[in-house]
Amino acid sequence: MMRSPLLTERFDDALVWASQLHRFQLRKSTPIPYLSHLLSVTAIVIEHGGDEDQAIAALLHDTIEDQGVWDNEIAERFGAEVAALVRACSEDEEWSMAPWRVRKGEYLDHLASAHMPARALLVSAADKLHNARSTLGDLRRHGEKAWTRFSGGRDGQLWFYETVAAVLCERLPGDLTDELHDTVADLATFPRGQIGLLEGIATTRAIRRFRPDPIPERDLARILFAASRAPSGSNRQPFRFLVLRDGPRAREAKTLLGDAFRSGWGAKRSADGYESGSGADQRSPKARMAASIQRFVDRFEEIPVVVLPCLVRYRSPFPTEGGSVYPSCQNLLLAARALGYGGVMTVWHELVADQLRALLGIPEDVLIAATIPLGRPIGGHGPVRRRPLGELVFEDGWGTAAGWAVDPPGTRFTGTGPRHPRE
Ligand SMILES: Cc1cc2nc3c(=O)[nH]c(=O)nc-3n(C[C@H](O)[C@H](O)[C@H](O)COP(=O)(O)O)c2cc1C
């Protein structure tokens, strides 16, 4: 059966027109024809589900600002919808005389405002993602001096990108804005590998999608070394780490775990009503988390490395014993993040703990404290969202917010789960 094509002759016309209009324009301080940017932005829009109007708007998104094309010409050629999208992605002529930072501030207000149509957000996000990717490439090729090419320098550009990413992540949640967020984070922490301790702590998220590539042993050793530096009661170091890669027993254990994870998630998915409320909207954070966990459990066996952090018990179980193993789990996840890997803390092994014990020879007095899958992430970490500090930090008594405990500007929030009735 012939399906009607997404892109028709209208798109072909826009492609030729964009090429003609920008014929003599180059990417800033480079010999690269400007068209490369327009084609890249259009590709991103198409890859993220854009329709023909959005794809045409992507091709033409700089024609008003850079080529002085009038809105009505775009409307005559491609319709009012495309003209409105291109207008929404353009800086207003009124701002053009203002200093760079003021102009960008106006643009950011516009992006966050109701005047920015929802359908234009995809084009803007693709535009900003391609610019951020190009800047990151420039930094890798030319080092820090690449910043000097851009108005506002490093500080100004980072302020702009970080604010754009924050606004777009809020208004258009999804893979595209997650990638924008992460690319901007890479810009801020360039050169790679020099992510600050606080930055790493504040940006490490649960990663559930992995590339199949194995983790080299020297990286695994560094990750587990970091885990082993964790504190424990009396420095007894009761933590042990059982690593599962691709040996026959490891594969058998991964199969056991995969089945356990699928039933653990199946039960949680219906008990916690992941399909109801906001979960009915496929774009909501709840539905996206459900889809990501479903994919995670469906492909559990393909995860390159699974670590079972264990606790060697030296007395009968007591409420705070986890305090001597869970700090090591977080160290492990942070070290993985620092080396470009990701992972997630999980507990669904409980359902097959006895079978795992038998298969892997884990003694009776050893608790399997967690299951941590690890690998190179597919997609990004995206922004970490938690409750505002004001809801989490009390002073001098339960429920009394500490006035000084405020989140840094641009912090993202979420309020999953019930609050205590006395808060
Ligand atoms: C004690 C604990 C148990 C967890 N158990 C599971 C689990 O069984 N399965 C899972 O997919 N994620 C599990 N998680 C991951 C949490 O869902 C995740 O850390 C949380 O939603 C925050 O995600 P974010 O950092 O991406 O915002 C667990 C996390 C913790 C700390």
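Q: What makes up the division of the chain into domains?
A: In this predicted model, the chain is divided into domain 1 (9–190), domain 2 (197–384) and domain 3 (385–423). The bounds come from an automatic or database domain assignment.

Q: How do you know that domain 1 and domain 2 are in contact, and how many residues take part?
A: Contact calls for C-beta atoms that lie within 7 Å. By that test, 10 residues of domain 1 are in contact with 10 residues of domain 2. On the domain 1 side, helix α10 (residues 175–188) gives the largest share, six residues. That side divides into three nonpolar, three polar and four charged residues. As for the domain centres, the C-alpha centres of domain 1 and domain 2 lie 38 Å apart.

Q: Why is Asn235 called exposed?
A: Asn235 has 7, so Asn235 is exposed. You will find Asn235 in the loop between α12 (217–228) and β1 (239–244). Asn235 also has a positive phi of about 55°, although it is not a glycine.

Q: What describes the packing of helix α5 and helix α6?
A: Two packed helices are described by the angle between their axes and the distance between the axes. For α5 (residues 71–78) and α6 (residues 80–88), the angle is about 145° and the axes are 7 Å apart. Their crossing is right-handed. Asp71, Ile74, Ala75 and Phe78 of α5 make the contact with Ala80, Val82, Ala83, Val86 and Arg87 of α6.

Q: How do you know which class each residue in the contact of α5 with α6 belongs to?
A: Asp and Arg count as charged, while Ala, Val, Ile and Phe count as nonpolar. The contact therefore has seven nonpolar, no polar and two charged residues.

Q: Which residues are around the ligand, and what is the shell like by class?
A: The residues around the ligand are Arg205, Ala206, Ile293, Val344, Met345, Thr346, Val347, Trp348 and Val384. By class, the shell has seven nonpolar, one polar and one charged residues.

Definitions and conventions. Residues are numbered from 1 along each chain as its sequence is written. This is a predicted model: local features need pLDDT of at least 70, side-chain atom pairs count only at pLDDT 80 or more; totals for chains, interfaces and linings use all residues. A residue is near a molecule or strand if its C-beta atom, placed from the backbone, lies within 6 Å of it. Two residues are in contact if their C-beta atoms, placed from the backbone, lie within 7 Å. Helices (H or I, at least four residues) and strands (E, at least two) are DSSP runs, numbered from the N terminus. Axes are lines fitted to C-alpha atoms, for helices over the stretch in contact, and angles run from 0 to 180 degrees between N-to-C directions. A crossing is left-handed if the near helix is turned anticlockwise from the far one by less than a right angle, and right-handed if clockwise. A residue is buried if 20 or more other C-beta atoms lie within 10 Å of its own, exposed if 12 or fewer, and partly exposed in between; C-beta atoms are placed from the backbone.
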